[in-house]
Amino acid sequence: MNTRKYAAEAIGTFWLTFAGCGSAVIAAAFPQVGIGLVGVALTFGLSVVTMAYAIGHISGCHLNPAVTVGLAAGGRFPAGQIAPYVIAQVIGAIAASALLYVIASGAAGFDLAKGFASNGYEAHSPGQYSLVACFIMEVVMTMMFLFIIMGATHGKAPAGFAPLAIGLALVMIHLVSIPVTNTSVNPARSTGPALFVGGWALAQLWLFWVAPLIGGVLGGVIYRWLSDEPGGVVAGT
């Protein structure tokens with residue numbers, strides 16, 4: 001059963017990274033019909049909604065190391081399962097980035113130097129935001145993401161609507177933070193593209209692990225304090 005959970009997490013994170021980053025790399029600025037910032041934000045959110053319905057009952061559909069760690073901090077996920085979940089998520093994100101690279105590089109003019117949907121700060125922030133501004137944005141956005149996840153998956157929340165609340169939250173997060181960091185709130189999603197871009201993307205990757213993990217823990221702990229009634233483990237069945 002655990003092996004199936006890890007496989008589900010890898011597949012789900014593959015879909016989030018491939019669809020989300022793919023929308024940014026391939027479709028965002030496509031001539032005449034590009035989907036733009038709003039389209040990329042919607043794609044990331046929809047990737048979570050679709051996978052939550054597909055694998056939520058198998059693994060809990062974390063798709064994100066910060067979510068896994070945050071749920072554990074909030075008492076909703078066993079700490080002993082953090083490492084295998086995170087490993088599966090990173091594997092899924094790397095596989096997605098590899099496939100996206102194969103596809104994207106098939107077009108004339110493809111250039112990894114354009115970023116390949118990597119996250120960055122200062123000179124590599126879409127809006128040239130400072131390291132401090134980017135760090136704060138990632139912490140706050142991940143904190144609120146976990147807060148919403150904790151509430152939406154609580155036993156007293158409206159049944160069946162958690163994927164919609166969580167997916168819409170991710171859309172909102174992207175709409176606000178794409179200009180600042182290109183939006184991470186997910187260390188696995190950041191790791192995949194950074195491995196292919198190398199250089200500055202790998203040098204700045206630390207922020208997109210540290211800040212989301214801090215935010216995830218804060219969101220989980222704050223919600224646990226606010227609503228300390230048992231809410232069920234978010235790890236599938």
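## Helix 6

Helix 6 is followed by N182, a residue with a positive phi, near 70°. This is a predicted model. Helix 6 itself has 20 residues. From its first C-alpha to its last it reaches 26 Å, close to the 28 Å expected at 1.5 Å a residue. The helix is bent by about 40° at L175. A proline, P179, follows the bend within four residues.

## Helix 2

Helix 2 has 24 residues and reaches 32 Å between its first and last C-alpha atoms. That span is close to the 34 Å expected at 1.5 Å a residue. A kink of about 50° in this helix is centred on Y53. After helix 2 comes G60, and its phi is positive, near 95°.

The buried residues of helix 2 are G39, V40, A41, F44, G45, S47, V48, V49, M51, A52, I55 and S59. They pack against helix 1, helix 4, helix 6 and helix 7. In general, an α-helix has 3.6 residues a turn, so residues three or four places apart point the same way.

## The largest nonpolar core

The largest nonpolar core holds 48 residues. Within it, L71, F145, I166 and L170 touch the most other members. The elements that give two or more residues to this core are helix 1 (2–27), helix 2 (36–59), helix 3 (65–73), helix 4 (82–104), helix 5 (131–152), helix 6 (162–181), helix 7 (187–197) and helix 9 (207–226). Helix 5 gives the most, with 9 residues.

Leaving aside residues up to four places away in sequence, L71 touches H62, R76, F77, L146, I149, M150 and V234.

## Cysteines

The structure holds 0 disulfides. C21 is in no disulfide, and the nearest cysteine sulfur, that of C61, is 16 Å away.

Methods
Residues are numbered from 1 along each chain as its sequence is written. This is a predicted model: local features need pLDDT of at least 70, side-chain atom pairs count only at pLDDT 80 or more; totals for chains, interfaces and linings use all residues. Side-chain values use heavy atoms; hydrogens and water are left out. A nonpolar core is a set of buried Ala, Val, Leu, Ile, Met, Phe, Trp, Tyr and Cys residues joined through side-chain atoms within 4.5 Å. Buried means under 20% relative accessible area, exposed over 50%, partly exposed in between (1.4 Å probe, protein chains only). Contact means heavy atoms within 4.5 Å. The expected span of a helix is 1.5 Å times one less than its number of residues. The bend at a residue is the angle between axes fitted to the seven residues ending there and the seven starting there. A disulfide is a pair of cysteine sulfur atoms within 2.5 Å.
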